[in-house]
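Reader: Please take a close look at one part of this model, the metal site. Then show me how the packing around the rest of the fold is built.

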Amino acid sequence: MSASLPLFDTTTPTDAREELAPGAWVLRGFALERAHALLHEIEHIAARSPFRHLLTPGGKTMSVAMTNCGNVGWFSDGRGYRYTEADPETGNSWPAMPDVFLRLAGNAARAAGFDGYAPDVCLINRYEVGTRLTLHRDHDERDRRAPIVSVSLGLPATFLWGGLARSDPQRRIPLGHGDVVVWGGPSRMRYHGVLPIKDGEHPLSGSRRFNLTFRTAR
Ligand code: MD3
Ligand code: FE
């Protein structure tokens with residue numbers, strides 16, 4: 001952690017900022033300078049709360065492996081989807097949110113017009129080659145006025161971005177290493193997913209993709 005860094009240290013050229021729809025902003029390369037530090041923190045977090053394949057309430061094993069940091073963590077099993085204060089797998093509290101996570105999320109939210117962003121959880125997804133995330137909405141958070149900030153690291157992905165109804169047409173958005181997306185306002189409750197990750201090697205993450213999603217859950 002680099003507590004001595006100034007608070008607003010991340011800069012991005014405005015031409016790298018693209019509004020996909022009202023409230024939804026892509027910030028290309030916004031996390032690039034911090035990628036190494038972010039991946040390092042992911043290792044620390046996973047040493048305390050390991051990546052695991054959660055069970056859906058329907059009893060299927062998710063192919064994406066997950067862990068969390070922050071005051072709460074997102075969890076799923078036969079009893080349903082929910083946020084928990086302790087990691088059910090270890091019985092310990094979830095690892096604290098690293099400073100570099102909080103600063104990056106706050107800077108990205110501000111670049112998209114959301115000031116005072118205070119996420120209390122970061123869900124960390126780990127994708128192996130072939131892994132996908134089926135179409136869903138994120139509706140387990142109490143405060144839906146707060147945006148979700150997502151950070152892509154490692155192998156690239158094609159993101160599926162739908163509308164407010166499951167059957168609405170979908171756009172395909174390529175997301176690469178260091179890209180950050182802020183999903184707020186009227187875009188917060190759209191359906192979304194990730195197509196199967198293509199085979200490849202990334203110098204920092206090998207044959208994996210990591211995604212951080214910051215949320216205000218409570
Ligand atoms: C669009 N993760 O963890 S992040 C998830 O790449 C999740 O791992 C994906 O969906 C990933 O729930 C996508 C992008 C994302 C997150 C929340 C959204 C896109 C969103 C909420 C509304 C609309
Ligand atoms: Fe999601």
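Author: Along the chain, the donors of the iron ion (ligand 2) follow the spacing H-x1-D-x53-H. This is a predicted model. The protein donors are His 136 (NE2), Asp 138 (OD), Asp 138 (OD) and His 192 (NE2). They lie 2.0 to 2.8 Å from the iron ion. Asp 138 sits in the loop between β7 (133-136) and β8 (148-154), while His 192 belongs to strand β12 (residues 192-194), so this pair ties together parts that are 54 residues apart in sequence. Asp 138 has 9% relative accessibility, so Asp 138 counts as buried. His 192 is buried too, with a relative accessible area of 13%.

Now the geometry. The site of the iron ion (ligand 2) has six donor atoms. Their angles run from 50 to 176 degrees. That makes the site irregular.

Next, the packing. The largest nonpolar core holds 34 residues. Leu 38, Ile 42, Phe 101, Val 151, Leu 212 and Phe 214 touch the most other members. Elements giving two or more residues to this core include α1 (35-48), α2 (99-111), β6 (121-128), β8 and β13 (208-215). The top contributor is α2, with seven residues.

Take Phe 214. Leaving out residues up to four places away in sequence, Phe 214 touches Met 97, Phe 101, Ala 105 and Tyr 117, among others. Its contacts also include Pro 119, Val 121, Cys 122 and Pro 147. Ile 148, Val 149 and Val 151 are among them as well.

A second, separate core has 28 residues. Phe 75, Val 121, Leu 133 and Leu 155 are among its members.

Terms used: Residues are numbered from 1 along each chain as its sequence is written. Chains are lettered from A and ligands numbered from 1 in the order in which they are written. This is a predicted model: local features need pLDDT of at least 70, side-chain atom pairs count only at pLDDT 80 or more; totals for chains, interfaces and linings use all residues. Side-chain values use heavy atoms; hydrogens and water are left out. Donors are N, O and S atoms within 2.8 Å of the metal (3.2 Å for Na, K and Ca); water is not among the atoms, so sites may look incomplete. Four donors count as tetrahedral if all angles lie between 85 and 135 degrees; four count as square planar and six as octahedral if opposite donors are over 155 degrees apart and all others between 65 and 115; anything else is irregular. Helices (H or I, at least four residues) and strands (E, at least two) are DSSP runs, numbered from the N terminus. Buried means under 20% relative accessible area, exposed over 50%, partly exposed in between (1.4 Å probe, protein chains only). A nonpolar core is a set of buried Ala, Val, Leu, Ile, Met, Phe, Trp, Tyr and Cys residues joined through side-chain atoms within 4.5 Å. Contact means heavy atoms within 4.5 Å.
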